[in-house]
Amino acid sequence: MGTTRNFRVWRGDADGGDLHDFQVEVNEGEVVLDIIHRLQATQTPDLACRWNCKAGKCGSCSMEINGMPRLSCMTRMSTFTADETVTITPLRTFPVIRDLVTDVSYNYLKARETPAFAPPAELAPGEYRMRQVDVERSQEFRKCIECFLCQNTCHVIRDHDENKPPFSGPRYFIRAAELDMHPLDSRSDRKEYAQASMGLGLCNITKCCTEVCPEHIKITDNAIIPMKERVVDRRFDPLVWLGRKIFRRDQLAETGPDPLIGTLPPPEAADGEPSPQRARRGPQAPAIDADGHMAITELTFENQGAGSPFGDDVRFPLPPDEINYHHPVRGETGRTPPEAIADAVRDEPHP
Ligand code: SF4
Ligand code: SF4
Ligand code: FES
């Protein structure tokens, strides 16, 4: 015999919405997705929610539960006390389509922008051979189920749509790291590309993405930080430094892209107007002082600059009475309409 528990569920669409209160039966062993299904079966047949596997493997059922980004099919009701109100809201970083369903197409655009695996030209599929140790190194990143909880949590784009065009996000940083350590990938500039064109420099290592990953991928420690370190190693490689002193800028341009800046479009178009690509570029090399030194805090501070989007002192799940949920709506100040983001992302130069 189940017990009746209190739920608050956000209902609305791109034009706005609010939290609705429900009382729903909960049985032993159930997860939050079971409760949403019971709500649909008994009280709100038109409640929109995305799910597929109910086994934590398809990545579809991502939402925010008591303020914490989670998979609803893997969040047991036993996590909450019997008298606790459970508040269920859509992912905040992506535009709402309806109720708990958001438009995550930003992630697919970023996936398309990420340069694909580039095997050696002389090998055909089926002829690839890798040592087991190399397979195991990248296996952690292959566990990603594309739930986009990490993307949703990252403060660089959470409530900052203006950062979406230059920033690919943690899910695609682990893709870059995986290909960077792939012995058969013939591109040797994965980390430099991540820094120059995927917005790696906008990440300030807050580790929020790692905290919410349901596959327990060490996104920050095993992908982002090693890539940042190696990009900086290259920057301060004595031979590279010497090359900079010896060659003029135009000669350096002939030797290939700068490892931090990448290949830039010309700063000005022929008519003298600033190049739109150049104007839109977000990530830049870290600031370097007059002696050519970069602040070591760029790499060493665990939680420097802007902190967690939830605040450093926040522990999850949040008490329900502290959740005052308001999903950003189209046209709201500072919030770019999703079509504009999609257009801007599509206009970015491809590798
Ligand atoms: S470490 Fe923080 S800033 Fe960097 S990708 Fe993860 S959530 Fe975003
Ligand atoms: S890295 Fe983790 S949190 Fe991010 S999309 Fe993959 S499984 Fe989800
Ligand atoms: S329904 Fe597939 S991960 Fe939750």
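How many residues surround ligand 2, and which are the closest? In this predicted model, local features need pLDDT of at least 70 and side-chain atom pairs count only at pLDDT 80 or more, whereas totals for chains, interfaces and linings use all residues. Residues are numbered from 1 along each chain as its sequence is written, and chains are lettered from A and ligands numbered from 1 in the order in which they are written.

**View 1. The shell around ligand 2.** Ligand 2 is surrounded by 15 residues (C-beta atom, placed from the backbone, within 6 Å of the ligand), the closest being C144, C147, L149, C150 and C213. The elements that contribute two or more residues to this shell are α4 (149-153) and α5 (170-180), where helices are DSSP runs of H or I with at least four residues and strands are runs of E with at least two, numbered from the N terminus. By class, the shell around ligand 2 holds 12 nonpolar, no polar and 3 charged residues (nonpolar: Ala, Val, Leu, Ile, Met, Phe, Trp, Tyr, Cys and Pro; charged: Asp, Glu, Lys and Arg; polar: the others, Gly among them).

**View 2. The shell around ligand 1.** Here 14 residues lie around the ligand, of which C154, P170, C203, T206 and C209 come nearest. Two or more residues are given to the shell around ligand 1 by each of α7 (208-212) and α8 (219-235), and α8 gives the most, with 3 residues. The classes in the shell around ligand 1 are 9 nonpolar, 4 polar and 1 charged.

**View 3. The packing of α5 and α6.** Helix α6 comprises residues 190-197, and its axis lies 8 Å from that of α5 at an angle of about 155° (axes are lines fitted to C-alpha atoms, for helices over the stretch in contact, with angles from 0 to 180 degrees between N-to-C directions). The two helices, α5 and α6, are therefore roughly antiparallel to each other, a term used for angles over 145 degrees. F173, A176, L179 and D180 of α5 meet R190, K191 and A194 of α6 in this contact, for which C-beta atoms, placed from the backbone, must lie within 7 Å. The residues of the contact of α5 with α6 divide into 4 nonpolar, no polar and 3 charged.

View 4. Helix α6 is mostly covered, with 8 of its 8 residues buried (20 or more other C-beta atoms within 10 Å of a residue's own; 12 or fewer is exposed, in between is partly exposed, and C-beta atoms are placed from the backbone); among them are R190, Y193 and S197. Just after α6, G199 takes a positive phi of about 80°. In the loop between α5 and α6 sits R187, which is partly exposed, with 16 other C-beta atoms within 10 Å. Leaving aside neighbours within four places in sequence, R187 is in contact with P115 and A118, while the C-alpha atoms of R187 and A116, residues 71 apart in sequence, are 9.5 Å apart in space.

View 5. I65 stands opposite M68 in β4. The hairpin has 2 residues between β3 and β4, and N66 in the turn has a positive phi of about 50°.

Notes
Parallel < 35°, antiparallel > 145°, perpendicular 65-115°, else oblique. Contact = placed C-beta atoms within 7 Å. Pairing = 2+ DSSP bridges.
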